[in-house]
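Please keep the sequence and the structure in view while reading.

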Amino acid sequence: MALGKAINFVKKVISDNEFRRNCNKCASKEELLKELDFHEGEFEDAINMQLFKCQSYEAANQIQQIKMWFSLL
């Protein structure tokens, strides 16, 4: 399921610096989304789900930073 892939992507971006570097090497956001097999709407849903689970300001801030980083790709 693509939403599951998007959730795993968010979790992996948080914990894996090498993975994040590889994502930054993609030529465009569209290329990255195609490679990861989900679309931007599913990414937004994954972000919202992770924000809902946050129990501290710091954790929510980290998710917001991922959202910002992704928008800059």
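## Helix α1 against helix α4

In α1, the residues Ala2, Leu3, Ala6, Ile7, Phe9, Val10 and Lys11 meet Glu42, Phe43, Asp45, Ala46, Ile47, Met49 and Gln50 of α4. Here contact means heavy atoms within 4.5 Å, and helices are DSSP runs (H or I, at least four residues; strands are E runs of at least two), numbered from the N terminus. The residues of this contact divide into 10 nonpolar, 1 polar and 3 charged. In this division Ala, Val, Leu, Ile, Met, Phe, Trp, Tyr, Cys and Pro count as nonpolar, Asp, Glu, Lys and Arg as charged, and the others, Gly among them, as polar.

The model is predicted: local features need pLDDT of at least 70 and side-chain atom pairs count only at pLDDT 80 or more, while totals for chains, interfaces and linings use all residues. Residues are numbered from 1 along each chain as its sequence is written, and side-chain values use heavy atoms, with hydrogens and water left out.

Two packed helices are described by the angle between their axes and the distance between the axes. The axes of α1 and α4 come within 8 Å and cross at roughly 60°; axes are lines fitted to C-alpha atoms, for helices over the stretch in contact, and angles run from 0 to 180 degrees between N-to-C directions. The two helices α1 and α4 are therefore oblique to each other. Angles under 35 degrees count as roughly parallel, over 145 as roughly antiparallel, 65 to 115 as roughly perpendicular and the rest as oblique. The crossing of α1 and α4 is right-handed; a crossing is right-handed if the near helix is turned clockwise from the far one by less than a right angle, and left-handed if anticlockwise.

Helix α1 (residues 2-15) and helix α2 (residues 17-24) have axes that come within 6 Å and cross at roughly 110°. This angle makes α1 roughly perpendicular to α2. The crossing of α1 and α2 is left-handed. From α1, Phe9, Lys12, Val13, Ile14 and Ser15 meet Asn17, Phe19, Arg20 and Cys23 of α2. The residues of this contact divide into 5 nonpolar, 2 polar and 2 charged.

With helix α5 (residues 57-72), the axis of α1 comes within 11 Å and the crossing is at roughly 100°. That angle makes α1 roughly perpendicular to α5. The contact is made by Phe9, Val10, Val13 and Ile14 of α1 together with Gln62, Ile63, Ile66, Trp69 and Phe70 of α5. These residues divide into 8 nonpolar, 1 polar and no charged.

Val13 belongs to helix α1 and is buried, with a relative accessible area of 2%. Buried means under 20% relative accessible area, exposed over 50%, and partly exposed in between (1.4 Å probe, protein chains only). Leaving aside neighbours within four places in sequence, Val13 is in contact with Phe19, Arg20, Ile66 and Trp69. The C-alpha atoms of Val13 and Leu36 are separated by 12 Å, and the two residues are 23 residues apart along the chain.

Ile47 is placed in helix α4. At 0% relative accessibility, Ile47 counts as buried. Residues up to four places away in sequence not being counted, Ile47 touches Val10, Ile63, Ile66 and Lys67.

The side chains of Lys29 and Glu40 are joined by a polar contact of 3.4 Å. A polar contact is a pair of N or O atoms within 3.5 Å; within protein, one must be able to donate a hydrogen and the other to accept it, and residues adjacent in sequence count only if both atoms are side-chain atoms. Not counting residues up to four places away in sequence, Lys29 touches Glu40, Phe70, Ser71 and Leu73.

Most residues other than glycine have a negative phi, and most peptide bonds are trans. Asp37, although not a glycine, has a positive phi of about 65°. Asp37 lies in the loop between α3 and α4 (40-53) and, at 47% relative accessibility, counts as partly exposed. Gln65, found in helix α5, is partly exposed, with a relative accessible area of 45%. Gln65 and Ile14 are 51 residues apart in sequence and 9.8 Å apart in space, C-alpha to C-alpha.
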